[in-house]
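Please report on how this chain packs. Cover its aromatic pairs, its helix and strand contacts, and its nonpolar cores.

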Amino acid sequence: IIQGQGRSLRGEILGRMGPAPGRLKVTYDAGSTRDNTTAEDLLAGLGLPSIARVGDAAVFDPPWCPQLTAAAKERAVRARLKAVPRPARYEGRLAALQALLGRGVAPPLQSIPDVVAGGAVGWLGGSFVASSWIEAMLLQFGAGLPMAYGRVAPPQLYEMLELHVYYRAIADRGLSIERRGESNLLAHVLRDLASGAGGASPQGGGASLYVGHD
């Protein structure tokens with residue numbers, strides 16, 4: 001899949017480099033094995049001759065930026081709960097997902113209370129479990145595997161995506177959460193754009209790609 005993405009991006013990248021293509025700089029998260037593998041497959045698909053590879057975990061997770069305190073994370077999640085309206089069919093979607101998954105030892109998704117937390121996962125409960133299931137099904141779908149033990153078809157997955165999108169909007173997109181996690185990466189992107197060469201070549205005609213986990 002990733003090599004196919006590389007092949008599909010090749011024409012666009014060459015077009016953005018201009019009539020005298022320069023160097024392509026690819027920065028990947030060296031602290032993650034899967035990001036390294038993704039970068040390798042992407043480059044194989046691109047098949048471009050002049051590539052500078054930069055493995056730099058600090059671009060994606062800067063160690064000099066302190067982690068949020070539990071209280072700060074809770075405030076960020078609560079602010080998102082106030083700012084983002086819950087989808088109208090949310091409870092119905094939870095019940096439909098539970099029906100697709102079937103009955104198990106755990107209680108039904110729609111009966112597990114959602115709780116704001118200050119740990120690695122900022123919002124726990126039925127919404128978190130539903131989002132985790134949907135993300136697992138997205139990975140299965142992308143790999144060509146049966147989703148949810150063969151119980152879910154692509155049209156049903158698309159209907160359930162609303163649950164996943166809403167959960168991520170609450171748990172991950174608070175200003176302080178995004179600022180800590182993404183500002184350093186954005187600073188690197190801005191520097192590349194300001195260079196006029198994609199950050200790849202002082203002579204111009206270059207481009208940059210960043211490969212990391214979401």
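Tyr-149 is exposed, with a relative accessible area of 67%. That value comes from a predicted model.

**Aromatic pairs**

Six aromatic pairs turn up in a search of the whole structure. One of them joins Trp-123 and Tyr-166 in an edge-to-face arrangement. Trp-123 belongs to strand 4 (residues 123-124) and Tyr-166 to helix 7 (residues 154-171), so this pair ties together parts that are 43 residues apart in sequence. Both residues, Trp-123 and Tyr-166, are buried.

The rings of Trp-133 and Tyr-149 have their planes at 70 degrees and their centres 6.1 Å apart, so this pair is edge-to-face. Trp-133 sits in helix 6 (residues 126-142), while Tyr-149 sits in the loop between helix 6 and helix 7, so the contact ties together parts that are 16 residues apart in sequence.

The table sets out the geometry of these two pairs.

| Pair | Centre to centre | Angle between planes |
|---|---|---|
| Trp-123 and Tyr-166 | 6.0 Å | 75 degrees |
| Trp-133 and Tyr-149 | 6.1 Å | 70 degrees |

Ring pairs also build a cluster. Its members are Tyr-90, Trp-123, Phe-128, Tyr-166 and Tyr-167.

**Helix 1**

Does the length of helix 1 agree or disagree with its residue count? Helix 1 covers residues 2-17, which is 16 residues. At 1.5 Å a residue it should span 22 Å, and its end C-alpha atoms are 21 Å apart, which agrees. The helix also has a kink of about 40 degrees, centred on Leu-9.

Gly-6, Ile-13 and Met-17 of helix 1 are buried. The buried residues of this helix pack against strand 1 (24-28), helix 2 (33-46) and strand 5 (207-211).

**Strand 1**

Five of the five residues of strand 1 are buried, so the strand is largely enclosed by the rest of the structure. Leu-24, Val-26 and Tyr-28 point one way, and Lys-25 and Thr-27 point the other way.

Which strands pair with strand 1? Strand 2 (residues 51-55) pairs with it in the parallel sense over five bridges. In that pairing, Tyr-28 stands opposite Gly-55. Strand 5 also runs parallel to strand 1, and five bridges join the two. Here Lys-25 stands opposite Ser-208.

**Nonpolar cores**

In soluble globular proteins, nonpolar side chains tend to be buried together. The largest nonpolar core of this model has 26 residues. Those with the most contacts inside it are Leu-97, Trp-123, Ile-134, Met-137, Val-152 and Leu-163. Helix 4 (70-83), helix 5 (90-101), helix 6 and helix 7 each supply at least two of its residues. Helix 7 gives the largest share, eight residues.

Val-152 is in contact with Leu-100, Met-137, Met-147 and Leu-157, leaving aside its neighbours within four places in sequence.

A second, separate core has 13 residues. Among them are Met-17, Leu-24, Val-26 and Val-211. Met-17 is one of the buried residues of helix 1, and Leu-24 and Val-26 point one way from strand 1.

Methods:
Residues numbered from 1 in each chain as written. Predicted model: local features only at pLDDT ≥ 70, side-chain atom pairs only at ≥ 80, totals over all residues. Heavy atoms only, no water. Phe/Tyr/Trp six-rings, centres within 6.5 Å; stacked < 30°, edge-to-face > 60°. Helix = DSSP H or I, 4+ residues; strand = E, 2+ residues; numbered from the N terminus. Buried < 20%, exposed > 50% of the residue type's maximum accessible area, 1.4 Å probe, protein only. Expected span 1.5 Å × (residues − 1). Bend = angle between axes of the 7 residues up to and from the residue. Contact = heavy atoms within 4.5 Å. Pairing = 2+ DSSP bridges. Core = buried A, V, L, I, M, F, W, Y, C linked by side-chain atoms within 4.5 Å.
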